[in-house]
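Student: I would like to learn how to read a structure like this one. Could we go through its features one by one?

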Amino acid sequence: MNALAGTGLLTRLAFRRDRVVVPFWIYLLGITAIGTAYTSRAAFSTLAKRADFAASVNKNPSMLALYGPVQDASIGSVSLWKVGGIAAALVGVVSLFLTVRHTRGDEESGRLELVSAGVIGRYAALTAGLITVVTTELVLAVLVSIGLVALGLPTAGSIAFALGWFTIGLVFAAVAAVTAQLTTTSRTASGLAIAFLGLCYLIRAGGDVGGHDGPTWLLWLSPFGWMSHLRPYAGDDWWVIVLPVAFSAVCVAVAFALVGRRDIGAGLLPDRLGPAEAGAGLGGPLGLAWRLQRGSLFAWAAGFAVYGAAIGGVTENVEDMIGGSSGRDVLEKLGGGQGMVDAFTNAAMSLMALLASAYAVQAVLRLRSEETGRLAEPILATKVGRVGWALGHVLFAVVGPAVLMALEGVMVGLVHGLRSHDLGDQFPRIFWSAIVQLPAVWVIAGITVALFGFAPRLAVAAWGLLGVFLLLGELGPLLELKQWEMDLSPFTHVPKLPGAPMRTMPVVWLMAVAGLLTAAGLVAFRRRDLS
């Protein structure tokens, strides 16, 4: 049999399964790049403003570690500086998740074994998965480059920027293709790929943090550093594209070689045997939920701590980083505070609350993965009730974000308070600006629980709603949307602390809505059949 037989069939199946997820991510990432460029044109309309902004960023170690340097004072380089960092990492995350979904994920669920009973070649699944991801990234790159050119940015720089995103997606799709051959579960395969992505980001940060006097050679060891050397809008060094393409080709070749060395469903790394007997903590649904959720919570907490320290390190210098009065207007629209530091703090906490919401959605959707993986049914066949089992995971969607936002408030407040020599006053103001975001986060968790209870097949739509709320929160004030449109997001109703007065009733209403949604979802789950 031809080793690639059935590749076209599996590719069509993959696109059909992703007909909602892929367009959503293309839209979200595309609108992030284009929207950021659109809003930044007014903030940095003159060369002097852009030069001042670039100089302030390039001498700030925290900003260099987070996003990298501003390569040039051109409008394109300044406008897309931030989305060339964290947003590029998000492109890599989406690519690796999609790759694992259509390779190791299909093997883990037994779908690939069932399909392979027909005329399906040995390499068809891996090839179809890579075709799906590469096509997705190519469409994203084309749309982003067209959108940036339509805004009046230079054509060459826009294509170079879009190709930078494309190569990031290509690299981590190839890495995920390798990790999918090593492990027996999609969770572990994704975890290994994300760990590699995080390592690459840290290497890039280490190369940038010292500026021109730092260990810039580290940039040549990271895909994110390669994107930086591509220099969109600042020279466009096209030859650098050879590096990620060559690296991806090697990884793909390794992945195909490994496919032929293992059986379907097996991994090359040996599975670790667990203890012969379960510990006392696994005697109830809460203990099981802790065992399943703790790794994810610890990883998120580490990320929040690092990001909080970085944000606290730049808060005091925020006025130097904003390009004149127009830049201050943009920040005040986003943050809603009375002063620059307060507005920046509120905008940062709003963004972190959205990320905490992503953790809450992930925690609740673990219920759905346990159900569809037929792991819930044996547990519910015992004396464990449905609501009790579900509450163990829902508790993490409530307590987990509280831990993350409290950690964020502590790190930002502590670092900023020490740098400003005003710890006693700044720490509580910043800490409570983080905590006050929690009711909106719990609304997102409640929506996810309700979807899981009433329409389990649509539970994944919670990610789409979170994306909509992200767009409303990040771009709504800048695009001057109508107030009722922005009010659709629960984060719009959160008091704009610090700086603005505390309003109690919106917080109470958000908590009430979150509680009602959660209770309704649990009751619906108790009454419906397992799918």
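This is a predicted model: local features need pLDDT of at least 70, side-chain atom pairs count only at pLDDT 80 or more; totals for chains, interfaces and linings use all residues.

Student: How many residues does the protein chain have, and what percentage of them count as buried?

Tutor: The protein chain has 531 residues, and 49% of them count as buried.

Student: Which share of the contacts joins residues at least 24 apart in sequence?

Tutor: Take the contacts between residues at least 6 apart in sequence; 76% of these join residues at least 24 apart.

Student: How are two packed helices described?

Tutor: By two quantities: the angle between their axes and the distance between the axes. Take helix α21 (residues 438-454) and helix α24 (residues 504-527): their axes come within 7 Å and cross at roughly 20°.

Student: Are α21 and α24 roughly parallel or antiparallel?

Tutor: Angles under 35 degrees count as roughly parallel, so α21 and α24 are roughly parallel to each other. Their crossing is left-handed.

Student: Which residues of α21 and α24 meet?

Tutor: On the α21 side they include Trp-442, Val-443, Gly-446, Ile-447, Ala-450 and Phe-454. On the α24 side they include Leu-510, Val-513, Ala-514, Leu-517, Gly-521 and Phe-525.

Student: At what angle do helix α10 and α12 cross?

Tutor: Helix α10 (residues 155-182) and α12 cross at roughly 165°, and their axes come within 10 Å. That makes α10 roughly antiparallel to α12, because angles over 145 degrees are counted that way. The crossing of α10 and α12 is right-handed. From α10 the contact is made by Ala-160, Phe-161, Gly-164, Trp-165, Ile-168, Val-171 and Phe-172, and from α12 by Pro-223, Phe-224, Met-227 and Leu-230.

Student: Let us turn to the backbone. Where is Tyr-233, and what is its phi?

Tutor: Tyr-233 sits in the loop between α12 (223-230) and α13 (242-259). Its phi is near 65°, a positive value in a residue other than glycine. Tyr-233 has a relative accessible area of 10% and is therefore buried, the cut-off being under 20%.

Student: What about Asp-236, and is Asp-236 buried or exposed?

Tutor: Asp-236 also belongs to the loop between α12 and α13. It is not a glycine, yet it has a positive phi of about 50°. With a relative accessible area of 14%, Asp-236 is buried.

Student: Where does Asp-18 lie, and which side chain joins it in a polar contact?

Tutor: Asp-18 is in the loop between α1 (7-17) and α2 (21-43). The side chains of Asp-18 and His-102 are joined by a polar contact of 2.5 Å. Asp-18 counts as buried because its relative accessibility is 2%. Apart from neighbours within four places in sequence, the residues in contact with Asp-18 are Pro-23, Leu-98, Arg-101, His-102 and Thr-132.

Student: Next, helix α6. What surrounds Thr-99?

Tutor: Thr-99 is part of helix α6 (residues 86-101) and counts as buried, at 0% relative accessibility. Not counting residues up to four places away in sequence, Thr-99 touches Leu-130, Val-133, Ala-173, Ala-176 and Ala-177.

Student: And which residues are in contact with Leu-96?

Tutor: Leu-96 is found in helix α6 too. Setting aside neighbours within four places in sequence, Leu-96 is in contact with Phe-172, Ala-176, Ser-190, Ala-193, Ile-194 and Leu-197. Leu-96 and Ala-189 are 93 residues apart in sequence, while their C-alpha atoms are 9.3 Å apart. Leu-96 has a relative accessible area of 0%, so it is buried.

Student: How does Leu-138 count at 46% relative accessibility?

Tutor: Leu-138, in helix α9 (residues 124-150), counts as partly exposed at that value.

Key:
Residues are numbered from 1 along each chain as its sequence is written. Side-chain values use heavy atoms; hydrogens and water are left out. Helices (H or I, at least four residues) and strands (E, at least two) are DSSP runs, numbered from the N terminus. Buried means under 20% relative accessible area, exposed over 50%, partly exposed in between (1.4 Å probe, protein chains only). A polar contact is a pair of N or O atoms within 3.5 Å; within protein, one must be able to donate a hydrogen and the other to accept it, and residues adjacent in sequence count only if both atoms are side-chain atoms. Contact means heavy atoms within 4.5 Å. Axes are lines fitted to C-alpha atoms, for helices over the stretch in contact, and angles run from 0 to 180 degrees between N-to-C directions. Angles under 35 degrees count as roughly parallel, over 145 as roughly antiparallel, 65 to 115 as roughly perpendicular and the rest as oblique. A crossing is left-handed if the near helix is turned anticlockwise from the far one by less than a right angle, and right-handed if clockwise.
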